[in-house]
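Hi there,

Here is the structure I promised to pass on.

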Amino acid sequence: MPAAAGGDHVHVFADLDALTAAAARRFVEDAREAIAARGRFIVCISGGDTPRPLYERLAHFSHGDATSDVAWSRVHVFWADERCVPPDDERSNYRMAREAWLEHVAIPADHVHRLRGEIDPRAAAAEYDIELHAFAGADLVLLGLGEDGHTASLFPHSPAVVERREDVARDRWVRAEHVASVAMWRLTLTPAVINRARDVVFLVAGARKAARVKEVIEGPPAPDALPAQAIRPDDGRLSWFLDEAAAGLLRGRRPTNPPA
Ligand code: 6PG
């Protein structure tokens with residue numbers, strides 16, 4: 001397995017389809033392991049365009065197929081971030097995941113733990129902090145990377161990034177922030193909880209991400225400016241699933257993984 005500086009695992013796939021197939025396999029492996037060991041699987045998911053095909057794929061896994069069967073009744077879904085809009089708004093990360101995936105599988109309704117974007121953002125963050133603490137963190141966190149280096153809704157130089165050590169000390173897992181660059185309130189998990197996960201996977205595709213991918217993976221540490229660099233799991237595994245276009249500027253050529 002190729003490892004980048006810092007010990008991250010970098011996997012390069014020919015295209016978004018191959019990346020998606022590999023992410024689905026990782027989801028199933030992690031789910032099986034967590035359910036066998038602890039009776040449940042806690043996954044935190046992101047919004048954006050890149051993971052949508054993964055969610056669609058998970059929706060169409062057929063039961064009884066040994067390679068893709070997931071005990072959906074044991075799965076709990078949380079969100080890594082949310083836009084402060086009602087759940088039926090087209091910008092809602094909850095809505096995207098529900099339509100692409102969740103409404104097509106037998107996940108019990110009370111296992112779908114959405115961030116309430118429609119209420120006061122600070123109240124929504126506070127209630128989610130309590131809800132997530134009741135589950136003691138995540139087995140798998142799926143993240144994306146923005147062209148400005150953001151991940152989840154951890155934006156460059158935002159308090160959630162700059163005050164990350166304080167959040168670890170205070171055990172603060174969820175924050176609400178107004179993000180000027182997108183002109184809206186966002187709710188986000190903090191590095192304090194993401195870094196406690198057993199497995200963290202970045203899904204990144206497309207040439208427009210290539211320069212930022214290189215900077216985050218191979219550049220000098222500057223996590224205040226590049227929030228994705230603040231994601232360093234304490235004991236868990238960190239992986240980058242990239243398509244060839246997003247990996248195009250990385251030093252040396254990493255072998256492209258064979259198609260699924
Ligand atoms: C969000 C996301 C965000 C996303 C990146 C990458 O709600 O906007 O959770 O962090 O993952 O912006 O988005 P794309 O996959 O669309 O490039």
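For the residue classes, Ala, Val, Leu, Ile, Met, Phe, Trp, Tyr, Cys and Pro count as nonpolar, Asp, Glu, Lys and Arg as charged, and the others, Gly among them, as polar. On that basis, the shell around the ligand holds eight polar, five charged and two nonpolar residues.

This is a predicted model, where local features need pLDDT of at least 70, side-chain atom pairs count only at pLDDT 80 or more, and totals for chains, interfaces and linings use all residues. Residues are numbered from 1 along each chain as its sequence is written, and side-chain values use heavy atoms, with hydrogens and water left out.

The ligand is surrounded by 15 residues (a heavy atom within 4 Å), and the closest are Thr50, Asp81, Arg83, Ala152 and Lys209. Polar contacts here are pairs of N or O atoms within 3.5 Å. The side chain of Asp81 has an N or O atom 2.6 Å from a ligand oxygen, and a polar side-chain atom of Arg83 is 2.7 Å from an oxygen of the ligand. Ala152 uses a polar backbone atom, 2.6 Å from a ligand oxygen.

What about disulfides (cysteine sulfur pairs within 2.5 Å)? The count is zero. Cys44 is in no disulfide, as the nearest cysteine sulfur, that of Cys84, is 17 Å away, too far for a bond.

Best wishes

How values were computed. Polar contact = N/O pair within 3.5 Å; in protein donor to acceptor, adjacent residues only side chain to side chain. Disulfide = S-S within 2.5 Å.
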